[in-house]
Amino acid sequence: MPAPNILTVGGLISQVRTLLQDTDLSTGLYRYSTDSIVTNLNQAMADLFRLRPDLFMDAGFAIPSFDPALPDVAVGIDQQYMPALIYYVVGLTQARDDEQNQDARALGFLKIFQQTVINGVIV
Amino acid sequence: MSTPASPWDRLYNDLKLQIPGVIDAVQASVTFSLFKDFCDKTNIWTEEVPILAKPNTYSYVLLVNEKGAANRLLLVYDPASAPPNKQWVQGNAQMQRPGVLTVSFPPAQDTPWMAVVAKTPSDPTNAEKYPDMHASSYWIIDKYREALTFGILARLQMMPGKPYTNAAAAKTNNQYYISERSKARTDAVKANVYGGQRWVYPQSFATISRNGAT
């Protein structure tokens, strides 16, 4: 099975699920729905635009909004910033999860996102 | 991310090595604006534009053929008076609107003139969003790559809230850029001749009238 292309919405969701340890579909459902992850991705794009509008220059400074039904759509962010975007979505998804009590891990991911896009380093 | 075509490839690579985190669109945009400043301040990118001067015609559109846009009028001379004695055909030739030559004294009969203009890059850019240039001008990018590198680094490092934001380095790089830009301007004035001058004699001491000659 080929590695998912993280430049697309579907590939990004796949990588997010890996980091969330939510790849088991044996029950027929994931723990985190695709809709909720895409909602978090859309919020991530808004936050990324606020911090780094230059990353949206190629898109005419428009913030894209993704549809869970269209997983093959390109995210449209420069490849080097895709890991940061994944960290944000993972962090936000975990922050919403009050059953797993993963607040520290969630904050860690959100902090990595901010440090990556603004400072360029992960410390 | 991909390296643009010549003549921008080496410059692109030099910058990528020093500015991690910058995206291609931003690098191309800053390169365009910096190169525009470089050309404006140095008059390094020139083109000779032929004109057919006509009686009773005071205004001529200068059509550059080798890309870019006319930015400054350097000289209007009569090709019939061969180099090195290129002189203004007359005084008060102007280009108040870039690309439009105006003269005060049209010739008495159709006369070919040559306008020398300094250019700056203009839209449209090339396919990679870098300044579009004719191959005959690629030498500018090659010769002044250091200057352009310093200038682009400075502009990128001056941007707030980026992984490459660095006010101290920006200041230093800007100083290097201005220094290198000054050298380029001198090169342009002296036509790359060591200790030389491109004109024959200072115009203030000219013995030939610049008024109304055809």
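Predicted model: local features only at pLDDT ≥ 70, side-chain atom pairs only at ≥ 80, totals over all residues.
Across all chains, the count comes to 17 salt bridges, a salt bridge being a side-chain nitrogen of Lys or Arg within 4 Å of a carboxyl oxygen of Asp or Glu. Residues are numbered from 1 along each chain as its sequence is written, chains are lettered from A and ligands numbered from 1 in the order in which they are written, and side-chain values use heavy atoms, with hydrogens and water left out.

View 1. Side chains of opposite charge can pair when their charged atoms come close. Helices (H or I, at least four residues) and strands (E, at least two) are DSSP runs, numbered from the N terminus. B:Asp37 is buried at 13% relative accessible area, while B:Lys41 is partly exposed at 33%. For these labels, buried means under 20% relative accessible area, exposed over 50% and partly exposed in between (1.4 Å probe, protein chains only).

**View 2. B:Lys143 and B:Asp187 meet in a salt bridge.** The N to O distance is 3.3 Å. This pair links distant parts of the chain, with B:Lys143 in helix H3 (residues 138-143) of chain B and B:Asp187 in helix H5 (residues 167-190) of chain B, 44 residues apart. B:Lys143 is partly exposed, with a relative accessible area of 40%, and B:Asp187 is partly exposed too, at 23%.

**View 3. Salt bridges that share partners join A:Arg52, A:Asp54 and B:Lys162 into one network.** A:Arg52 sits in the loop between H2 and helix H3 (82-95) of chain A. Is A:Arg52 buried or exposed? A:Arg52 is buried, with a relative accessible area of 0%. A polar atom of the A:Arg52 side chain lies 2.7 Å from the backbone oxygen of A:Val117. Leaving out residues up to four places away in sequence, A:Arg52 touches A:Tyr81 and A:Val117 in chain A, plus B:Gly21, B:Gly161, B:Lys162, B:Pro163 and B:Tyr164 in chain B. Contact here means heavy atoms within 4.5 Å.

**View 4. Helices H1 (residues 9-20) and H2 (residues 34-51) of chain A cross at roughly 105°.** Their axes come within 11 Å; axes are lines fitted to C-alpha atoms, for helices over the stretch in contact, with angles running from 0 to 180 degrees between N-to-C directions. That makes H1(A) roughly perpendicular to H2(A), a label for angles of 65 to 115 degrees (under 35 is roughly parallel, over 145 roughly antiparallel, the rest oblique). H1(A) brings A:Val9, A:Leu12, A:Ile13, A:Val16 and A:Arg17 to the contact, and H2(A) brings A:Thr34, A:Ile37, A:Val38 and A:Leu41. By class, the contact residues are seven nonpolar, one polar and one charged. In that scheme, Ala, Val, Leu, Ile, Met, Phe, Trp, Tyr, Cys and Pro are nonpolar, Asp, Glu, Lys and Arg are charged, and the others, Gly among them, are polar.

**View 5. Chain B has cis peptide bonds at B:Pro7 and B:Pro124.** The bond joining B:Ser6 and B:Pro7 has omega of about 10°, and B:Pro7 lies in the segment before helix H1 (9-18) of chain B. From B:Asp123 to B:Pro124, omega is near 0°. B:Pro124 is in the loop between strand E5 (111-120) and H3 of chain B.

**View 6. A:Gln21 and B:Asn192 have positive phi without being glycines.** For A:Gln21, phi is about 55°. A:Gln21 is in the loop between H1 and H2 of chain A and counts as exposed at 62% relative accessibility. For B:Asn192, phi is near 60°. B:Asn192 is in the segment after H5 of chain B and is partly exposed, at 42%.

Note on methods
Polar contact = N/O pair within 3.5 Å; in protein donor to acceptor, adjacent residues only side chain to side chain.
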